[in-house]
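Please walk through this structure with me, one contact at a time. Keep the sequence and the 3D view open as you read.

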Amino acid sequence: MSATIAFLKGHGTENDFVIVPDPENAIDLPATAVAALCDRRAGIGGDGLLHVVRSAAHPEAKDMAAEAEWFMDYRNGDGSIAEMCGNGVRVFARYLQRAGHVTEGDLAVATRGGVKRVHLAKDGDVTVGMGKARLPEGDVTVSVGERSWPARNVNMGNPHAVAFVADLAHAGDLYSPPQFSPASAYPDGVNVEFVVDRGPRHVALRVHERGVGETRSCGTGACAVAVATARRDGTDPAVTGTPATYTVDVPGGTLVITERPDGEIEMTGPAVIVAEGTIDADWLETLAR
């Protein structure tokens, strides 16, 4: 292992990530090392980590290599593995552009949630094809303190519970995961979005991301919220035959979500690289043991 390992830091609507370029999948990144890198006091700090690997070099992505050269090996801030991260895909694409691997226009990114189509626009925004939402059957309830709300179960490659509330403050501090029932609805935990209306086709949210806590933004969560809101509003594109576009305010900015009649969802928003540097390899290797 070299004396240092390169890293970058980026964010999408203030959902921030440590980026570790590792084309040949040569760096050992166990959960303890990822959690240490994402630690905001003892590490670099981030809601998650983007491990940048060529698809052909990663056992979980080999089958996607013909379709997407690069694999986003995404990890939550606690080191656990996640299926997808919408803001992360935008930042991942921005890194590939900065590194000279891609240019403005269209590209494909492999994720554990499948291959995602990305468009890097000249104005700086990044649009990600997020695939289709799944809406599992069954009633779900989320609770914070003495308050409880019915929630919509939406799966965007990762699980979400979307609750419409009167005031975002009712979500509490979101340090701890909100309670949900039945437990069988989310055997591996869930991201919980609390949503209020801001205007016609305009909502705002707060989110607790599993394995992280409250974050400034959640891309898949914004998509889940747009889908749930469209069903609540009677604007399901599969029924109306017309795309439904919602502006979704998150604590770190604004995302625009469009669901088409065929069910495909697109998310558009900013992605910024703010810093780059090196990690002490000996320190990281100690954490990896």
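Arg210 and Glu83 meet through their side chains in a salt bridge, at 2.5 Å from N to O. A salt bridge here is a side-chain nitrogen of Lys or Arg within 4 Å of a carboxyl oxygen of Asp or Glu. This pair links distant parts of the chain, 127 residues apart. Arg210 sits in the loop between strand E13 (202-209) and strand E14 (213-215). Glu83 sits in the loop between E4 and helix H2 (86-98). Helices (H or I, at least four residues) and strands (E, at least two) are DSSP runs, numbered from the N terminus. Arg210 counts as buried because its relative accessibility is 13%. Glu83, at 27%, counts as partly exposed. Buried means under 20% relative accessible area, exposed means over 50%, and partly exposed lies in between (1.4 Å probe, protein chains only).

A word on the basis of all this: the model is predicted, local features need pLDDT of at least 70, side-chain atom pairs count only at pLDDT 80 or more, and totals for chains, interfaces and linings use all residues. Residues are numbered from 1 along each chain as its sequence is written, and side-chain values use heavy atoms, with hydrogens and water left out.

How many salt bridges are there by this rule? The count comes to 19. Arg54 and Glu69 form one of them, with 3.1 Å from N to O. They too link distant parts of the chain, being 15 residues apart. Arg54 belongs to strand E3 (residues 48-54), and Glu69 to the loop between E3 and E4. Arg54 is partly exposed, with a relative accessible area of 27%. Glu69 is also partly exposed, at 45%.

Now turn to Glu214 and Arg206. Their closest N and O atoms are 2.8 Å apart, and they form a salt bridge. Glu214 is partly exposed, with a relative accessible area of 30%. Arg206 is buried, at 13% relative accessibility. Elsewhere, Lys9, Asp16, Arg40 and Asp47 are linked in a network of salt bridges.

Asp28, Asp280, Asp282 and Glu285 make up a patch of negative charge on the surface. Patches are made of residues with over 30% relative accessible area and no salt bridge; like charges are joined within 9 Å, and nonpolar side chains (Val, Leu, Ile, Met, Phe, Trp, Tyr) within 5 Å. Lys and Arg count as positive, Asp and Glu as negative, and His and the chain ends are left out of the count. Asp280 lies in strand E18 (residues 272-280). Asp280 is partly exposed, at 43% relative accessibility. Ile279 is found in strand E18 as well, but Ile279 is buried, with a relative accessible area of 4%.

Next, the rings. A pair of aromatic rings is described by the distance of the centres and the angle of the planes. Rings of Phe, Tyr and Trp (its six-membered ring) pair if their centres lie within 6.5 Å; planes under 30 degrees apart count as stacked, over 60 as edge-to-face and the rest as tilted. The structure holds three aromatic pairs. Phe17 and Tyr74 have ring centres 6.0 Å apart and planes at 75°, so this pair is edge-to-face. Phe180 is partly exposed, at 24% relative accessibility, whereas Tyr186 is buried, at 4%.

Last, the backbone. Most residues other than glycine have a negative phi, and most peptide bonds are trans. Ser181 and Pro182 are joined by a cis peptide bond, with omega about -5°. Pro182 lies in the loop between strand E11 (179-181) and strand E12 (191-199). Leu174 is not a glycine, yet has a positive phi of about 60°. Leu174 lies in the loop between strand E10 (159-164) and E11, and is buried at 2% relative accessibility. Arg201, another residue other than glycine, has a positive phi near 50°. Arg201 lies in the loop between E12 and E13, and is partly exposed at 38% relative accessibility.

Key
Accessible areas come from the Shrake-Rupley method with a 1.4 Å probe; for residues, only the protein chains shown count as cover. The place of a charge is taken as NZ of Lys, CZ of Arg, CG of Asp or CD of Glu.
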